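Have the structure open and follow along.

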Amino acid sequence: MGNANNIMTNIILEQQGLPDGYKRAPRGITEDYTDSNGVKWKVIKFLGKYYRKKINSSATTTTTVRTDNDPQPTTELPSWVPDCVKNGVKSLSGTTDPNKVVYINDKGDKWYFSKNGDFLYIFKSGRRINGDYVCDDNDVVITTEDGEVYRGKNKKWLKKVTDSELQKKLKDKTDTNFWEDIKIGVPSLIDKAGEWFHDMGDDLKKWWKEWRKKENNGNSNSSCNTNGWLKDPTDSKKYVFKVIECKWYTKNVSTCKEFNISDNPKYKSSVDILNREYPNELKNCDKNQSSVNEPSWVKEHSCIKGFGPALPKNSDSKVSFKSANGVDILNFYKNFNFSYEHENGIIENGTWKCENNITVIVTDDKARYTSDKGWDYSKVIKKDQEIIKKDYEISPDDEIIYKQVDKDEF
């Protein structure tokens, strides 16, 4: 191995790291802008995706109360209101705007649902949080900009786990000490189609900081805990490796950053070296484990088996897979509906079918996927937001990036 190149030479760009304070931008945001609440945002492109950060640190999503512009409740409920919203949120009212309905909770907070799928939460104090909603198996799912999720069947708000290091830790089922600790510290933690959520009342951020501090001899900012990780076969001291759910992961021992290298073709040579050096690490991987997570009806549609192992089953009416980028989720429903869940919470709906053992997916905005040719966006149509098609591009992980001109809905 003495003449082998460092197996991580292809990861230079990732190790530069995302600048502090930036988070994933909503779909369509590609340049600096000021939102409808008057908050200014700086937008950058990093590794094919767009990220944003507030320019003025004092700005928040809180705005003054604008009751004069807010639609007022009426008695008549419009016909366009989906059943999932009616079932998931009781006591809905129509408003003076025919394209919006409202629910007012016992605290006086207002939930506005728009015909185009937009959502707005207005606290009694006047603070506003934007988001969107979709129907999932006749259950309304609301996702806000700050990562909170409401499901009508549960009748409660959940907080999505967004810390990338904790997300990777949650994929590792072998650390029994970690799982014993987190079940006690954050008892509400639940897994939904490969994504983790917890009750708003559980301070997961605080628990995670304290747990890391304990694991790293009292210093939460010390070098990473590499117990159970394998050394770099090329004798590099920068990275360690581990098999998690039958996938090779690497960790930068300086930044603690972890990521999957098995599903990225550019790291194939690195994976080959690891497989040769550590042949026993993958021998216990059950290649048929995916079938355990697949409902019985999937056997009738062999074309949807080319997306890798299925995610843990949480419904007999759908089967879910990770996308090629390892973070988004593809959902195939028994009734031939389809949904694509982006990492930032945006959900795109559509339909799927098998044609001559080829998977065919068509989204509501006419994007088309076939398993032999990939995604085709040439026929994407305009939605309620103006989409300037000449400005779209395909990122390295095959995610379409739109430049959108947002309208002031409220």
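Predicted model: local features only at pLDDT ≥ 70, side-chain atom pairs only at ≥ 80, totals over all residues.

Residues are numbered from 1 along each chain as its sequence is written, and side-chain values use heavy atoms, with hydrogens and water left out.

Start with the rings. Searching the whole structure turns up 27 aromatic pairs. To pair, rings of Phe, Tyr and Trp (its six-membered ring) need centres within 6.5 Å; planes under 30 degrees apart are stacked, over 60 edge-to-face, and the rest tilted. Trp207 and Trp211 make a stacked pair, 6.2 Å centre to centre with 20 degrees between the planes. Why are they about one helical turn apart? Because they sit four residues apart in helix H5, residues 204-215. (Helices, H or I of at least four residues, and strands, E of at least two, are DSSP runs numbered from the N terminus.) Trp207 is buried at 14% relative accessible area, and Trp211 is buried too, at 7%. Buried here means under 20% relative accessible area, exposed over 50%, and partly exposed in between, using a 1.4 Å probe and protein chains only.

Now look at Trp248 and Tyr278, a tilted pair with 6.3 Å between centres and 45 degrees between planes. Trp248 is in strand E18 (residues 247-252) and Tyr278 is in the loop between helix H6 (268-277) and helix H7 (289-292), so this pair ties together parts 30 residues apart in sequence. Trp248 is buried at 1% relative accessibility, and Tyr278 is buried at 16%.

Rings can also link up into a cluster: ring pairs join Tyr103, Trp111, Phe113, Phe119, Tyr121, Phe123, Tyr133, Tyr150 and Trp157.

Last stop: Lys160, in strand E13 (residues 156-160). Is Lys160 buried or exposed? Lys160 is buried, at 14% relative accessibility. Leaving aside residues up to four places away in sequence, Lys160 touches Gly147, Glu195, Trp196, Phe197, Glu343 and Gly345, where contact means heavy atoms within 4.5 Å.
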